[in-house]
Structures are given as C-alpha cells and as structure tokens.
Amino acid sequence: ERGSDGHVNIIYWQAPSILNPYLSGGTKDIESSSMIIEPLGRFDQDGALVPFLASEIPTVENGGVSEDLTTITWTLKEGLLWSDGTPLTSEDVVFTAEYCMHPEGGCAQLSKFDAVESVEAIDDLTIQVNFKAPQPNPYLPFMGGQSPILQKAQFAECLGAAASTCTEQNFNPIGTGPFVVDEFKPNDVISMSANPNYRDPAKPAFATVTFKGGGDAASAGRAVLETGEFDYAWNLQLAPEVIEEMEKGGKGQTVAAFGTLVERLEMNLTDPSSDLPADIRATREAPHPILSDVRVRKALSMAIDRELLVEIGYGQAGRPTCNLVPAPARYASPNTDCIGQDLEGAMALLEEAGWTDTDGDGIRDKDGMKLSLLYQTSTNAVRQNFQDAIKAWWGMIGVETELRNISGSVFFGGDAGSPDTFQKFYADVEMYANNFDGTDPQAYLSMYRCGNEPKPSSQWQGENINRFCDPEYDALLDELAKTGELEKRGEIAIRLNEMLTKDTYTIVPLVDRGRVSAHSNTLGGVVLNTWDSELWNVADWYRIEE
Amino acid sequence: MLDTDGSAAPIARIENLRVSFETKDGPVIGVEDVSFQINPGETVCVVGESGSGKSVSSLSLMRLVEFGGGKIAGGRLIFDRKDGKELDLATAEQGLMRTIRGNEIGMIFQEPMTALNPVFTIGRQLSEGLVLHKGMSRKQAMARAVELLREVRIPEPERRIKQYPHELSGGMRQRVVIAMALACEPRLLIADEPTTALDVTIQAEILALMDRLKRETGTAVMFITHDMAVVAQMADRVVVMFRGNKVEEGPVEQIFTAPQHDYTKALLAAVPKLGEMTGKPLPEPMKLFGVDGQKIEPIPGTDEVLLSVKNLTTRFPVKGGVMRRTVANVHAVEDVSFDIFKGQTLSLVGESGCGKSTTGRSVLRLVEPQEGAILLDNKDIMALNDRDLRRARLDMQMIFQDPFASLNPQMQLSDQVAEPMRNFGTLKGRAMQERVEMLFDRVELPRSFMRRYPHELSGGQRQRVAIARALALNPKLIVADEAVSALDVSVQAQVVNLMMELQADLGLSFLFISHDMAVVERVSHRVGVMYLGRIVEIGSRQAVFENPQHPYTKALMKAVPIADPTRRKSEHELNFKPIPSPIHDLDYQPEPSVYEKVGEDHFVLTTDSGY
Amino acid sequence: MLTFTLRRLLIAIPTLLASAIVIFALLQLAPGDPMANVPLTVPPEVKQKMREALGLGEPVHIQFWKWLVQFFWIEPQVLIDNIFGTSFAEGKLRVLSWQTRSPVMDIVMQRMPQTLWVVGTSYLVGIIIALPIGIYSAYRQYSVFDQAGTFISMVGYSVPTFFTGVLLIVIFSVNMPRESFFWFPSIYDTTHQVDSWSAFGFQVRQMFLPVMVLALYNAAQISRFMRASMLDNLNQDYVRTARAKGLGESIVVMVHVLRNSLIPVVTVIALGVPQVFGGAIITEQVFKVNGLGHLLIGAIEANDLPMVQTLTFIFAVLIVLFNLIADVLYGILDPRIRYD
Amino acid sequence: MPSTPPRSQWHEVWTQFRQHKGAMMGGIVFLVIVLGVVLGPWLWPLDPAGIDFRARNDGPSLAHPFGTDQLGRDMLARMIDGGRVSLSVGITAMLLALVLGTLVGVLAGYFKRLDNALMRLTDLFLALPLLPLLLVMVLLFREPLAKAFGIETGIFILMVTAIGITSWMPTARIVRGDVLALKEREFVLAARSIGTTNTLMIARHILPNVISPIVVSATLGIANAIITESALSFLGLGFPPDFPTWGRLLFDAVDYMQQNPERVVMPGIAISLTVLSVNYLGDGLRDALDPRIRGR
Ligand SMILES: Nc1ncnc2c1ncn2[C@@H]1O[C@H](COP(=O)(O)OP(=O)(O)OP(=O)(O)O)[C@@H](O)[C@H]1O
Ligand SMILES: Nc1ncnc2c1ncn2[C@@H]1O[C@H](COP(=O)(O)OP(=O)(O)OP(=O)(O)O)[C@@H](O)[C@H]1O
Ligand SMILES: [Mg+2]
Ligand SMILES: [Mg+2]
C-alpha cells in the first residue's frame, strides 16, 4: 500500500545540484531526478528495454520502428497523470524534444537528439520521431534516465536561453515518477514524498524520502553498513577490504553489478615532451619516440597482473578484462589474451624491439634514450594503488616510471589552458575509466576516429585521446553506422574493439568495473542496474520488517 | 604625632631578614641581615646606599619579592594585626596576605611608570582597591578617587582620572601611585622614594599630607628616601642601610648630629645644601667625603650658543568618548625659548607636570613639537629628515626620567650601554668593551652587573645605567631628566661630579631637569623656572637663586626643605594654591610669552602664567 | 578613531574592488572547466554548447562587469524586495550558479544556518575553552595542567580533522550502541527544524561530533597564543602593583594581565571569524554538514565560477570588516596605540 | 662576586636555552626524529616502495614493526621515507611563512606609512581562495621549475613556496598587533634617542619582544605545512603519488582505521611528536629570551 512503509534515507556521496538532467550530465543529478521524472522506457538490470511511460517498446517487429530505420513511434500508456493531477500527453513529449534541441539551451543530452529530424504528436498518446538518416539504434531520445519527459505546462517559459533562469522548475520538476519534491536544497539534500497521482496506486511503499548528498564514499558506506543511519548508499568506490570491514557492521549488505565501465591505460601515440613547441607537442605531427612501437605497448600490457589489480582495487566489483567494450555480450569480444602476467615475454619483446639495459642501471635504453615513462591519472585511492603496482611491475621489466596524479576536476575538466587534462595528455600513459550510455557502443567506438583527436586547432577538445589513426578502422566505423542488423553490428564492434586493444595495444584495458552499492538489511526491492539509473525501480522498494 | 608610649606594640618588626635572588651568576643577596621595627604612628626613614636593599626589604614586608624572583631566605617579619595578634608575614599564606596588602599595608612603588598598568585609566586603577577593601560601589570609588587625586594635588582630577598613565607627567604618576597607596588608609604605609619626581612645593604638600594622615589615623610610615632634607623633615627614627645590612639606627636628631657609622658620616657629608653656592657665579664640583687631593675648580664654559630654542610649543591631544576622539589639548609646552651655551648647564626647574620633560623630549624631537625652532650648533633640528635627525642625535642624548621604562627589558646592561656606540660605530670590539667597563666604573656600578638585566637592579642602579648610556657617545648636549634623583647622596655626588668633570674636560652642555634645588644650584650656570608650560623666569643661576623675581620662583625657593631635623617646616607655612590645569579646549588660543629683562641675563615672564 | 574607522571603511572600497578583480583573474587563470562533472559520454560539441549557454563565450571583462552589476546592484535590490516586499529586482538577472542554475545568494542563505550552528558554535566553544586553558597554562607555566594542555592542544592541532572526525564517528556512531545516550549521528540533517525542546536536543546531538572536532582544533590555536601572550605580561611590574593593592590572584590575572595580553588573541579571533562563515571544509565533509565550506569546495571542484567568485568575495568583505574591528579593538585595548 | 666578562646576548640566550629542560627534551626528540628519517634507510633497509602482495594489510610483526599497507609495503620504511619529505617541507615552508609574516608584520606595525598598504595586501591574501591560487601557481611554475631544478627539487620549491605564501598572513597580523603596542613603549623611544636606526631597532628591540607569538606561529605553522603538503598532493599539485609523506600516509590510512589502527596512529604520532618537540624548542627559546623567567 502506498506510503505504508514510512521513510527511507538514501545517501549519495555526490550531492545533486539540479533536478533537470537536460541541464546537467552529472550522474548524481540524473539518478536523483529519476525518482521524479521518467522517460518513455528504461534499460533493466540486464540492459533490456522496458517500457515505462510507453505502453510498449517499439521495434521493427511490432511496427514501432520503420523498416528503413528512419522513424520510431511511441505510444503512451493511458491515463497517466502528472503529479499535479493533469494528464500526460504526447505534447509533453514533443515539448521535451523541443526543449533539448533548442540551440541556445545548452542541453546536456543534445547528442541523443543529434540524429532527430523532428518529433511529432500524432495524437494525444502517440509520438513519432523522425530521424535525419536511418538510425540503427533508435532508442536514444526519451530512453533512460538521461532523457525523461518534462511537463510542457511547467517548462514552457524555459526554452533556450531562459532555461537557466527557471530555478523553480529545475528544482521542483513536476513528474510522473513515484515521488515528488517537497524541498530541494541544491548540493545538499532533497526531501520527497510519495506522488499521489502515481500510476500504480499501491506504490511507492515509502511515504517520504530523504536523499542526502555529500561527503565521501567511506562515510556513505559507513552510514549504511555500520551505523545504520541510512538505507541506501550509492557507488562505494572503496578498497575491497575496507568494504569487507564495513560489512562486519552487520547493518546492511552490498550489491554489485557490471556495466560497460572499463578502467584502462591509454597509450600516447604522440610525443608529449615539453621540449617541443606548443603546437606540435602531443599532436600527430610528433610521433611518440617510445610508444609508437607496438611491441613496447604490448610488453607494457603483458607485465601487468590484472587479477591482482582487481583484488587490490575492486574485489567483487571488478573483473579483469582485455576489452574496451566488455558488454553487452553481443558486442563483447571473447579475447582474454592479456589476463595472465608474463614478465619473461614482456622482457623478450622489449629486447626484440631493441630496448636493452646497456649501462646496467636496471633501466632499458636504446640510442641513448631511457625507457622511462610518465604515467598520470586522477587522484583516487584505488588509482594510486594501481599506479604503484604497475610501476613496480614495469620496473621489473626494466621500464622506469614517473607517476603523477591530478585532481579530478582538473584532469577531466577539459580546460584548454591547463597542461594537466586527460585530453591534452602531456604524459606517456594515462589511466581512467569510461563507458557508454545504454547498450550500443557505436558512438563509443567512434571516438577513435582519425581526426577526432584533441589538438590545438580544436582547443584540445576531442575524444580520440590516444591520437589513434587507422583508415581501416574509420572505414569499419562507417560500415557499422550503416548496419542495422544486430548480429552484424556485433561482429563489427568486436572487430573495432580488437583493433584498439589486442591488435595495437593502443588502449590497454585493465578492469571491467562494476558498481557496488549498499543497502540496509531492512530495505527490500533493490535491483542494482548499471544500464540506467540505480534508482530506476525505487517505486518497488519496500521496508522489510525485522 | 600620637603619643607612642613604650608599651604600644610595634606595628611591624623585621628580624634578621635575608633575601636572595637567583641570577645566572648564582644567587645574589639582596638583603643580608636587617632588623628594625616600626611603631604605630611613627615615621621610620630608611636611608642608605643605592642598591643596599631598601626596596627589597619593603617588598619582602609585602611578600611581593617572590613574584620578582626573590626568596625570603631567613628572618621573620612580624606584623601586628588589628586584633592584636601577631603574624609572621614571612610564612603567611598568600591568601591571607591579600587581605593585608593594600588594606593594612599600603605601598608606594619606586618607579611609577612601570608600576601602573598601561591599559587602564588611572581612575580605574585607583578605585580598584577601594571597591575591594572598602566595599564601595564603582561610583563611590570613582568619587573617592577624584578626591584622592585632589589630595595629592593633581589639577583637574575629573579629567585626569580618565587618562592613561602614559599621558601623565612623571610626577603625576608618582602622585597617582601615592594616592593608590593611601586609598584604603592603611595602618602601615611603605613609601619607596615617593617624592623623587615631585617639585619641592608639591613635595612639601605631599609630605604634609602624609604627616596629617599619620597624625589623624595613627598610620605608621616606612619612608625610603635619598633626600636627607626630607628625612630631616619627616623622620622620627632613621635606619641606615649599607650593602644589604643595617648599619645604624636611631632617632633622627641623633643620626644627624652624632652619626656613628662611617657610611652615615659620609652620607651626611655629601648632602648638598641649598645656599652653599651663594656668591659663586660658576658651578663647581662637590667635595667628596674621604677623597683627598680633590681639585675643586669652577667650570666657566663658553658663551658660544650650542642649543637655541625659540617659541617651542608642544601639545598633546586628550581623547574622550567611545570613539576616542580628541576633545581637548594638553598645552604641555607653550612658547618656550632658551639658549644653552657650550660647556654650560641650563637647569629647568618647576612644578611637576609643567612640561619640563616634554621640553627635553621636544628638543630631541622625540615628541614632535607643534611649533618652534630648535638650532643645535646652528643646525635646524626641526628641518631634519629621519636620517639626518639620527645623525644629529650623535650630538645630543637624553637621560629619561623613568630609567626602568627606558631600558629594554630583554637586553643585558652592557649591551644597552654599548648600543649607542654600536649604532654610530664610534668604537668597536675591545675598545667599545673597555669604554663600557669604564662607564660602569664611572657611574659606580660593579662590573659584575654588566651581564644583568634591568629588572635585576635597584632603582638607583638602573638610573646609573641610563646615565652611562647617555655618556657613551660623548655627545655635545645631554638632556638629563631627573638624572640623579634616585641616587643616594654619596653616589649622587660622585655622579654629579662626573658630569661636571666631563663638562670641564670635554665641553659638554647639559639641559638639567631636576626638582632638587640644591643639586640644581650646584651644577647650573643658568636656570629656567617653568610653570604651566612656560618659562616664567630664566637667567644666570646666581640671579635666579639669589634674586628670584617671579612669585612662583619665590614660592619654590621658600618650599625647599632643609636637611636639619631641628628646622622642620610646619604645615601652615605652606600656601596651598589651587593648581591650574594645562588642559584647554580645542579652540583655546594662548597668548605669546613676553619677558621683561630685570637684570643682566635675567628675564621674567610678564604674560599671565596662571600663577 | 572615528575618522580612522571612516577612513578605513573608505579604503575598504578600493581594497575590495581590487580583491574582486584579483579573485576574478585568478579564477579565470586557474585550470578547470565547468564541464568537468559532465560524464565523458557527453561529446565535446555538446559540452561546448553547454558552455556557451552558461555565458562562457563572452569576453572576460564583460563577464566581470556583469558579475559586478549583478552582485552590487541587483542582489541588494533582491534583498530589499525580500525585506519590504517590493519588486525592484523583478525580471533582472541575478548571479546564477553554473551548477544549479539558481541564484547564488539563495543557496548561500540556505547554507547559512547549518554553518553558523556548527562552525559558529564550534568557534565559540573553542574560544570559551581556549581562553581559560591558555590563561591558566601561562599562570602555572610548566605545571601538570600546562603540560597536559600543551600536549592536548598540540596533538589537537597537528592531527588533521579528517582523522579526528572519522575517529569520533567510529567511536560514537559505529561502536556505540544505537540506544546509548552517547550515540551521536554521523550525518548531519540539514532539514531538521528546531521548533521544540526535543528538536533542540536532537540538534545538539547532531552538532556534537563536528563541533567537538572543530572546537578542539580552534581551541588549540587560540590557547597557544593566549598562553604565550600571558607569559609575556605576567612578570611586569604593574602586576606587582596590582598585587600590592591586595587584589586576588584571579583579578590580577584575569583583569590586569589579561587585558594587556589580549592583542594577539583578538587578532587571532578576528582572523578566525570570517573563516566561520567560510565554513570548515573537511569537517563539513566528514559529517556531511553541507555548509558554506562544502558549498565553496564543491563550487571550486565544479568550476562554478560565479559561485566561487561570490563566496570568496563575501569572505573578503568579512575579512576586511573583522580586521578593521580588530584594529579598532587594539586602540581600545591599548590606549598607547595611536592611529592618527 | 666574580666578574665574568659579558658575552654576546645570543651566547647568553644559548646558555639559558641549554638549561631549559623542556627545550632540551624537545630538542632531543626532534633530533631523534630528524636522525631517524635521515639515517633510517641505513638502519632499516627495507624498500619503502617494495610491493609484496602476500603481505597486504598485515599488522605489526617482527618483519614489519609498523605493519604493511594495502600493497604490502613496509610502513616503517614508508614512515622513514615520508618523514624526510614531511619534515623538510614542513620546516622550510614554516620558515618561509614565518619570515614573510614577521617581515610584513614588523614593517606594517613599525612604519606607519607601510601599514595600510601591507595590511590591505594581507587582507587580499587572506581573501584569495586557496585552491585556485595553488592551481594557478602549479599551472604557471611547475614545468619551468621542474626543468630548472629537476622534478623533485622543482616540486619541492613549488610546494614550499605555495604553502609559504598562503600561510604567512596570520603571523603578519599578530606580529603587527604586538609591534603596534610595543613601539609606543618608552624604551623604544629611548633607543631612538641614542640613534638606533630603524633596522637595528627592529632587530634589537622589537623582534626579541615579539618572539612569543612568532614562536607559537612557528609551531602551529609546521603542523599546518605538513598537513597542507598532503592536501596539495591529493590535488595533484605536490609530489608524485608514490612519494609517501606523513600526511598522505595518515590520509590513506583513515579508511583502514578499524582494521589496522596502527596505520593511522603511527603517522599521527610522528606529526604530533614533531610539532610537540618544536613547540618545546620554541618555549625554550621564548623563555631564554625572557630574562625574567629563569631557574625553572
Ligand atoms: N630581581 C633581582 N635579581 C637580582 N638582584 C636583584 C633583584 N632585585 C634587586 N636585586 C639586587 O638587590 C640589591 C638591593 O636592591 P634594592 O632594590 O633593594 O635596592 P635599594 O636599596 O632600593 O636601592 P635604590 O635606592 O637604588 O632603589 C641590589 O644590589 C640589586 O641589584
Ligand atoms: N603622551 C602624552 N599624552 C598626553 N599628555 C601628555 C603626554 N605626555 C605628557 N603629557 C602631559 O603634558 C604635561 C607635561 O608633562 P611633562 O612630562 O613634560 O611634565 P614634567 O614637567 O616633566 O613633570 P614631572 O616633573 O612631573 O615629570 C602633563 O600635563 C602631562 O599630563
Ligand atoms: Mg629601591
Ligand atoms: Mg618629567
């Protein structure tokens, strides 16, 4: 029965700053707002599509997606009401598209609407999305936590440049989700209560929610697992032994699930030396003196013991991987070549590449140049452990490593003026994690297209971090974009993935990172989902009486 | 005087007191073996060599030596409490002492500047004891404080009460300290050099006040002083101390007429007497007791002008209100002009608070005068920038009125004396060291004191350090502000002779500020008499002393006490004239000073001086 | 002194203006980008659009000018509107945060209560315990009390709050049974309203741990300065005079010596007050108080320049103000200090 | 009474200092710490970076007296290694801040003309947001410094300067406050009358009398610098992440507080002991300079 289970406390160690995902791409904002506003459909814990506001997921089979892949037609469930009691209509969906596609709005989800030509309301419950070109993956707009439906009545005044002045709307969006906002304190806390007009009269079980933000993963975990003050803690990025110790507190348990997030080493194929002029440094004009040789890259990969890394850093929330795209199964390469550590082989490979230790200082050299690398990553306890371990292994094969860690806000900040961003890559090797939205890796793999690399002329914006460039790869990408058949898409994606990893060791994947969250023993119904918002099924949560 | 029949128990009895101090050269004995007693209603004067342990004995009686690092190593300090019980103060608890201090025993400290808390108004400091011991309310206590200030002859007490210690003249501070000690009408009053900074008229009034108190309330007084004239005026009995011991004790007449101990004899012989120089136009050194073959020659000086001061005016703002705005001005020095000749001494005498120290400081530009011209050796001091002013100070030095405050508490004495030489690089290394040693010898300080710090000295010793420092550079002009007042007469004689000797040998000039008319008579070529910020009379010493013209000068001369217990002045000889205040509103416009020439080198102010 | 104060207030205007410019320039120079928190899955072109929507495309001096106008002209109007119910500021663009797209001042006001409750209280508690400890330690230099005080305050100062905070949580929130009186919450509830005694009780409980942590840290610092300054004055001659008046040791020390020793302490305290409003970053983080300190650090990490600029500028105003107060207090505490 | 010839004041202070029990204790402890971190690598030759995955998160044992960390590195060796960085950064940065603060404070307090300008500068520095300031410093100077002095020295200079120039302000204000009061004392006037130049005045008369707040600032400053260093390293502004420092060891260990308490305790003790010993040294210096305190 709705509201019968009282109050639930959720803690996110990153605090939500806005409840409109279109104005912020941040996970914290998307997940918190997913309790309030909903998309037409979501991905479930297995990455499968499930309808939410839509009555079913349109496919080619059921006629919802046109044969030529240029339109998709959604039908809304009947009788849906906004939390203010007004009915949800297709106009709201059309408006949502208009809102995000407005050129001055600065919509964070704009890329989901890139391919959209127009969105029309066929009738009160039917919406048709027209694409500019055939769209093998038509489930970008209105799917998943990133792309929920806004109420037209509420946001009508907030189009374009006005979007950011609509504080009231952004903080208190009227939605169709299980909860409504009572009070939102940005970057701090959200107080919510059950939506009286929620479509399932029995849900949600909780009458009120406190969604607290801030602090750090350790204290969030402690609050759920040890002190029992909170019921749910998001994303416990902590060393496995620390989580283990916390679980001994006995107040709660952890849940883990895997998605597409891969912690990887990126090899710089260009020369980051500070001796080079600024317009040449770390661009394709200056090939890397050491890492241009695939044998060196491979040797570096072989020296790494990925299983140990998982044990040190992620425990149950990680597994070794050799792939950039670890999931869904259709797109994941079966390659496991890299899993075992092979120091001998690595050394042999280096010898073969001409790197020998001529002066006996334990560091290999060639033509008077030392095999010495600068290895950078963002500041994060696990990453620093990885750095130390990898440095030690590389040391064993005669590679000298200098480590550097950079605050995340700078490293990922993308400021063209800073030498420390991951895009600029003023280092030889860098480590971070990345994933893709939803279940289709096409955009993800397209990042490594020739020309998409960060460079001075693009203000160092670009996604091809390694400056990888292979015409064959680009050609294959084009093919992928044209292929609608899933089977075929899988094959191409696996091929692309292998070109980046197994063939060239441009990207050296380390760990397939899952998500660990914690919930208290008295909280039931939690189904951890890494393909969508973790709180996707919050309507089903309930209190377990002890 | 109360009838002190033999049966009345003494109010305090000191028996075999011994006090030691811990210094880094090992323990130092401050008082070796002292015993004497003080009866109710009696004034016991303690005289003796500077550094002989007078202050330490009195501090022991208050049990305050402990806080200064001293230790009562032996002896008893019997105090007769009101209820007739005797109490050994030496072993009493500090808690009990608290009810006695300030209430039953009052103390006037030797150095008034450092004895006052710099951040509280004097009213606040005065009323504190009253609130505590007499249970008065704040307001009552304040009213009483005003009354007390009036009793110690501080003009405009309502205003002064709101001032801070540093805004008062040396004599005023001393009177504040006196008022503080008298506040609770203690049964025993310890007065440690209470009148050194007071001019003779006010001194006489203060002495009369103490005398009256003694008569009316039976207060016993332990009076420490160097001024034998005051002893003669005040004492019932005299205790003579020397090197930490009592060497002689007896009724005042006996001490003066038939001294027993050599030191007492020397002391009495060294007492300068007013009128000794009558008829002599030039100053000459004193005859020292026990020194043979001393040359006593007059010091002529020259008639070249060294320092010429014209129309000097210095004022201080008086702050008031929460925002501490300037509400009035203290006209400390008002249109003062004088000349000092090379190799000569000009003495400034005058009422306490009349602006003598300020004049001295203005000459060195240690306070910035409002107006006026100062020419030293034809150099315009007023026009100098900071760097040249510093150079100019090579030629003029000052001995501050309050030696303790003017010494850096964290520096060794030898360094302090050497500092001027270091500053100007006049002497270096060994030579400097030798000069420091020589200076210590000349001011009669043992060389072992060189490593000590200021707080480890007696008042007189500190003053001698200050003198040594001023002499270190061989300046042309020394402003000596009460430079010898804290010294016992024998040392005083030596130091005065030293100064005169240097004058004769090196042609030094002095601006000598003093209250001791006998010393002034001895040392000066010319004398200026100040009253309320102006010089009321100036001229050759002979002219001013032998033929005073201005009424204030006359009154001053008349008030000088005589070192003879048989010729005590009685209270009715004093005319308590109300003292006008130098504090005026912001828009007050003073008249210029106009002088009338009454003789060759003898001028008298005709402008109304307020007297 | 009045003229001094007025003059200083006048000088404060150019000072603050200069501070604003320097802060702005600094923030512009500092590496970082408001898009740092946007996931890597969002492509660069979209990020560029988002930046432009934030007004980042405009030239720097225009951005600065806009901020000036908004902060000094529009925000005061908003304040007036709020107080008198007028509508001067209607429709005018306020200083907006880049993270939340809401007016910065609103968030600042929202954070004020918990900051003042926690950081303010801890500062007061710190001062209240520091002064007696400092005074008594000096009065009984090298006594057991002094040694213990020295030890605790030095350890308290040198062990960072990220450690003490967690330690207290482990002791009082994790290991203490939930029913115990000594159990304290590890997470601060900013939505809690103090409207009854029991609510006040809860408020005290939830403030307890962070206040303890911060108070220890503040007290350590202030008590050391207090002690040192007292030591300098305890041996002065006027103290002897005060004793000679028969004043009790407590008055001698607490009135005569203390007043002379206050200047450094006043300085330290005045320096600390703006920091109260600045919040306590680490402690707020550990206990999730989410006060101004949390706001600032979050804004810096997210490169929310309008927020950082505004907050920093408010601190600058407070710093100038409290240093002025300290200077005025000097003159009152020690009449020898002259200002003209 | 023996008349020992007067010795220089500093000699005097030194003698006095040597008699100070607390100072001597502090000095010995401090010396032990310094010697420990300097000679430590010889006495305890384990490699601080030596990873041993089998010995992860071990408690104290004979092989590892302070236990091991999450990568199985020996904590004692890391403490020794980290101490070198922490101590040298802590002390140098503290000295820099102290010198800057005292200089500004004394100049502002003593010279009326400079007061306003210097104090407004102090206000400005107090108002500057620390983090962006540091980020800018690193942005501008890291590469040039690393080039000119080598990476480690370059970063050392950068960190020390960064900490130094962001923490001198309290000292400056406190010193100024004291100097304002001090310069109105009569002995300063007296010193001026004997021709003491401003420089000498400051050196001889002002500084020794404001030593107490400076000493306190020094002790607090050293703790502050050690912790700030680790904070900077987290931001990526400091030493490379494989450089252990006490602050960083402490921070890393906080998560392990429950299972390996010795890991937080040890660096905590090291920092506290250092600060305490410096505090006692400072106390000794203060007392040695104050001629009224003696024999205790
Ligand atoms: N704190 C101290 N430490 C060491 N010696 C001290 C200390 N106080 C006083 N003395 C020494 O004790 C002796 C007696 O000093 P005291 O102050 O009693 O002299 P006094 O008789 O009052 O002299 P004066 O007339 O010059 O004031 C002096 O030699 C002095 O140097
Ligand atoms: N710093 C100051 N602030 C305010 N008033 C002052 C200050 N210094 C001196 N005065 C005032 O100036 C007047 C003259 O003081 P000064 O010290 O020159 O007197 P004096 O003649 O030396 O007296 P004494 O013989 O008592 O030392 C006094 O009324 C005093 O209160
Ligand atoms: Mg004496
Ligand atoms: Mg005087």
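This section describes the surroundings of the two ligands. The model is predicted.

Ligand 1 is surrounded by 24 residues. The closest are Ser50(B), Gly51(B), Ser55(B), Ser458(B) and Gly460(B). By class, this shell holds four nonpolar, 15 polar and five charged residues. Three elements of chain B each supply at least two residues of the shell: strand E1 (12-23), helix H1 (54-61) and helix H16 (459-471). Oxygen atoms of ligand 1 meet both backbone and side-chain atoms. A backbone N or O atom of Lys54(B) lies 2.8 Å from an oxygen atom of ligand 1. For a backbone N or O atom of Ser52(B), the distance to a ligand 1 oxygen is 3.2 Å. The side chain of His226(B) places an N or O atom 2.9 Å from an oxygen atom of ligand 1. Alone, ligand 1 exposes 640 Å², and the protein buries 93% of that.

Ligand 2 has 22 residues around it. Gly171(B), Ser352(B), Lys356(B), Ser357(B) and Thr358(B) are the closest. The shell divides into eight nonpolar, eleven polar and three charged residues. Lys356(B) also makes a backbone approach: one of its backbone N or O atoms is 2.7 Å from an oxygen atom of ligand 2. Side chains contribute as well. In Ser169(B), a side-chain N or O atom is 2.8 Å from an oxygen atom of ligand 2. A polar side-chain atom of Gln401(B) lies 2.8 Å from an oxygen atom of ligand 2. Of the 630 Å² of accessible area that ligand 2 has on its own, the protein covers 92%. Helix H7 (170-182), strand E12 (325-341) and helix H12 (356-363) of chain B are the elements that give two or more residues to this shell.

Methods
Residues numbered from 1 in each chain as written. Chains lettered and ligands numbered in written order. Predicted model: local features only at pLDDT ≥ 70, side-chain atom pairs only at ≥ 80, totals over all residues. Heavy atoms only, no water. Near = heavy atom within 4 Å. Polar contact = N/O pair within 3.5 Å; in protein donor to acceptor, adjacent residues only side chain to side chain. Areas by Shrake-Rupley, 256 points an atom, 1.4 Å probe, with all protein chains shown as cover. Helix = DSSP H or I, 4+ residues; strand = E, 2+ residues; numbered from the N terminus. Nonpolar A, V, L, I, M, F, W, Y, C, P; charged D, E, K, R; others polar.
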